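Dear colleague,

Please find below the structure that I am handing over to you. My notes on it follow directly after.

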Amino acid sequence: MAAVRVPPPFPFFLVLALSISAAATTVLQPISDHHRSAALNLFVLSHGSFHSLQDAYEALRVFEILGIEEKQRVGTDTFNGILKCKVNGEVFKGIASRLKASISDASPLPDLYYSIGSLVLIKDQDSNVDVHLADAPGTFQSIKALSQSDGKWRYSSDKTESSAYATGLALEALAGVISLASSEIDHSKVNTVKSDILKLFDSIEKNDDVNFYFPEESVGVNEHQDSLSTTSSVVRGVTAFAAVVSGEINLPGDKTLGLAKFLLGTGIPGNAKDFFNQVESLAFLESKRVSIPLILSLPETVYSLTKKGQLKVRVSTALGSAAPPLIVKLVRAFSSGAKDSTIIESKELQYDKRSGLHVLDAFTNNVDVGSYVFVFEIVLRDSRSEQVYATGGQFHVPIYVTGIIEVSNAEIGVLGDLGSAETKKVLDLAGNGIVSLSANHLQKLRLSFHLTTPYGHVFKPHQAIFKLRHETKVEHMFVVGNVAKKFEITLDFLGLVEKLFYLSGKYDIELTVGDAAMENSFIRLLGHVKLDLPEAPEKAAQPPPPPVDPYSRYGPKAEITHLFRAPEKRPPQNLSITFLALILLPFLGFLIGYWRSSVALCTFLVEAGPVHHSQDSRLFGSFLDVFWPQNSFLSCFDINQVEICMREANNLYL
C-alpha cells in the first residue's frame, strides 16, 4: 500500500460540516428577521439624513414593506409619498405642467419613463392637480413603437438592441399612460402588450434549481445591470401593467414561483440597492396582481436518528405571510446516490395548528444514515385559491440524516513474510487501551475493522486514515480501503522502507475515521510499533525537516532595543562625592568668614568714636550701596540707624 498525502482530519471534518451547512442553506427561506436586521445595518443615516432623495425613498420603502418602525429617524428631505408630507398644490401644478410638456417632446424611453412616473406620483398625492395626458393614445403608441417581436423593448428608436431591463421601464411607463389617460386606451393595443409579456417570459432563463430570471445586460457603454436588477425591473413593469388593465395576464405559475425563488436565492444582499430590488420585487409578486408564489421551506435539513427528530415543513409567501389552507405531501424520497430507488412514497404530513408547521412524525426504518432528496408537493384545499396562489409543482429538498456508527471487529497484527499472523491483538476503539507491537522490514502490519449504521448497513465514511508517526515527528498517512463490510489496510514494510526514510525506532499508530453524517467520528491513538529497518544507503532520500511550530513562527517576537548613543564613561560614585566635598569646603569657609566679618562690622559701628563730619555717614552709606547692594548686612542694619549711632557718639564726644 503506497503512502498517500491527505489533509489533516480536523480541517477535513470542518469542510464536511460546512458542506452540509452550505447545502442546507440552498433550501429557500422566506423573508425573516434576518432581513430586518440587515435592513437596519444597510440603510443608515449619515449626519441625520441619507445621501440622496433616492436613497431615502428606497430605505423608507424597504422599512414599509418589512414593517420596520424607523421612519421617525429619517429627515424631512425624503420622498413625499412615503412621509405623507403636505406640499402646496400650486407647486404640484407647476411641476405637472412642465412634465406634460416634456412628454410631448421626449423620445428616448428613459425620459418618458421618468416624466410619466412623476405625473403618476403627483396624481396619487393631490387629486386636484390636472395630470391627464392630452394625447394618451399617441404617447402609448410612441412607447409601443420601441418594442420588438421577441417581447422586449429598445431604449430609443436609433438603437436596434432590445433589453429586458428596458422592457420593465416600458411596461411601467405604459401602465402610467393608462392611469393618466382621460379616456380608455384601445383594448387591442393593450392585448398586444399582454402578448408581448408572454413572449418575454418565453425567453426567460432557468438554472438548475428551477429558478427563473432575466440575465444581466450592458446598458450603453458605462452602465451595467446585473441579473437581479434586470429581473426586478421586469417584475415591477409586469405587476404595474397588470394592476391597471382589465383581465388577467396568464403568466405560468411555475415561472412566477421561479422568479420568487431566484429573488430569495440571492440570500441577503450586501448592498442597499440590491436589497431594495429584492424586497420590493417580492412585494410586487405578493400584491395579487399576478399569482402569489407559495414558498416551501424547512427549519432544519439535518436530522439525527439518535435524537429521533421530526421532519418539519413550513409553507408561506415569499414575505413570510401565512398561506391558505393546504396539504403538504411527501411524494417520494430517494438516496442521493441512487435516484431510481424510492425509500418513502406518498405520505401526507400532519398539520400542527399551534406551530403552523406540517410534520412527519418519524422516518421509516429504511431511512438510514446518509444524504437523501425529499420531493414535496403542495395541494390547496380550496380550488378557488388556485387562481390566486402559485404552488409550482414539486419541491426537491436535500435532507441529511446522521447517526452513531458502530465500530466492531477491530484487530491489528504483525504478519510474517509468508502472510501468516505472528502477532494479533483485538482493539477496543471505544476504550482507551493501547497496543505495543514490534516488526522488521520483512514483516507486515495489518489493521481491520467494520463500520455499520444503526440499521446494520455498511457505512462508508468520507475519511479513513491510518497514520504512522515517528519519534522524530515524521508522519506517514495511508488511506484505509474497504471490501464489503470490512475496512482493511496492510503495510508491507519491505516496500515502504524508502518512504519511511529507513528510520528505525518507535512509531505511534493513529486511526482517523470521520464523516459529516457520523456523529461519533474519532481520532484514536491505537498504540505504537517498534520498527527495525535496515540502514539507509548513501543516496537514500533524507527525511523532511520537522514541522515548524506555528506559534514560534507567528507568535510574539522579542522586544527590539535600539542603542542611539553609547553612554558616557563616568568616575566611581565615591570619587565623585569626595571631589564634590573638596569643591564645597572653600565655599563653606568663605560663608563662615563672611558671617564673622559682618558681626565685627556691626560692633565697630556701635563702638566707634565721634565722627567729625556728618558727610562721613553718607559716604559710608553710599559705600554700602555700591559694594553691597544685595548684602545681608543691609537687611540687618538700616543706614539711618547707622547715622543715629554716629551722631550719638559725636554728641558724647562734644
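Phe201, Val235, Val238, Thr239, Leu251, Thr256, Leu259, Leu285 and Val290 line the largest cavity. A cavity is here a set of points, on a 1 Å grid over the protein atoms alone, where a 1.4 Å probe fits but cannot get out, and a lining residue has an atom within 4 Å of a point. Helix 10 (227–244) and helix 11 (253–265) are the elements that give two or more residues to this lining. The largest share, 3 residues, comes from helix 10. Helices (H or I, at least four residues) and strands (E, at least two) are DSSP runs, numbered from the N terminus. By class, the lining has 7 nonpolar, 2 polar and no charged residues. In this classification Ala, Val, Leu, Ile, Met, Phe, Trp, Tyr, Cys and Pro count as nonpolar, Asp, Glu, Lys and Arg as charged, and the others, Gly among them, as polar. The volume of the largest cavity is about 50 Å³, and the count comes to 1 cavity of 30 Å³ or more. Such a volume is the space filled by probe spheres set on the grid points, which are joined across faces, edges and corners.

As to provenance, this is a predicted model, in which local features need pLDDT of at least 70 and side-chain atom pairs count only at pLDDT 80 or more, while totals for chains, interfaces and linings use all residues. Residues are numbered from 1 along each chain as its sequence is written, and side-chain values use heavy atoms, with hydrogens and water left out.

Salt bridges

A search of the whole structure finds 14 salt bridges, each being a side-chain nitrogen of Lys or Arg within 4 Å of a carboxyl oxygen of Asp or Glu. One of them joins glutamate 510 and arginine 469, at 3.4 Å from N to O. This pair links distant parts of the chain, with glutamate 510 in strand 23 and arginine 469 in strand 19 (residues 463–470), 41 residues apart. Glutamate 510 is buried, because its relative accessible area is 11%, and arginine 469 also counts as buried, at 18%. The terms are set as follows: buried means under 20% relative accessible area, exposed over 50%, and partly exposed in between (1.4 Å probe, protein chains only).

Salt bridges that share partners join Arg61, Glu64, Arg236 and Glu280 into one network.

A further salt bridge is formed by the side chains of glutamate 475 and lysine 467, at 3.8 Å from N to O. Lysine 467 has a relative accessible area of 8% and is therefore buried, whereas glutamate 475, at 33%, is partly exposed.

Arginine 36 forms a salt bridge with aspartate 33, the closest N and O atoms being 3.2 Å apart. Both residues lie in helix 2 (residues 33–42), 3 residues apart, which is about one turn of the helix. Arginine 36 is partly exposed at 25%, and aspartate 33 is exposed at 55%.

Serine 346 is found in strand 9 (residues 338–348) and is exposed, with a relative accessible area of 62%. Tyrosine 502 is found in the loop between helix 13 (493–496) and strand 23 (505–514); with a relative accessible area of 17%, tyrosine 502 is buried.

Glycine 168, in helix 8 (residues 164–180), is buried with a relative accessible area of 0%. The C-alpha atoms of glycine 168 and serine 232 are separated by 8.2 Å, although the two residues are 64 residues apart along the chain. Aspartate 226 lies in the loop between strand 4 (223–225) and helix 10 and is partly exposed at 26%.

Surface

Leu585, Phe587, Leu588, Phe590 and Leu591 make a nonpolar surface patch of about 530 Å². Patches are made of residues with over 30% relative accessible area and no salt bridge, with like charges joined within 9 Å and nonpolar side chains (Val, Leu, Ile, Met, Phe, Trp, Tyr) within 5 Å. Accessible areas come from the Shrake-Rupley method with a 1.4 Å probe, and for residues only the protein chains shown count as cover. Phenylalanine 590 lies in helix 15 (residues 573–607) and, at 52% relative accessibility, counts as exposed.

With kind regards

Note on methods: On a 1 Å grid over the protein atoms alone, a cavity is a set of points where a 1.4 Å probe fits but cannot get out, and a pocket is an open set with protein on both sides within 12 Å along at least five of seven lines; lining residues have an atom within 4 Å of a point.
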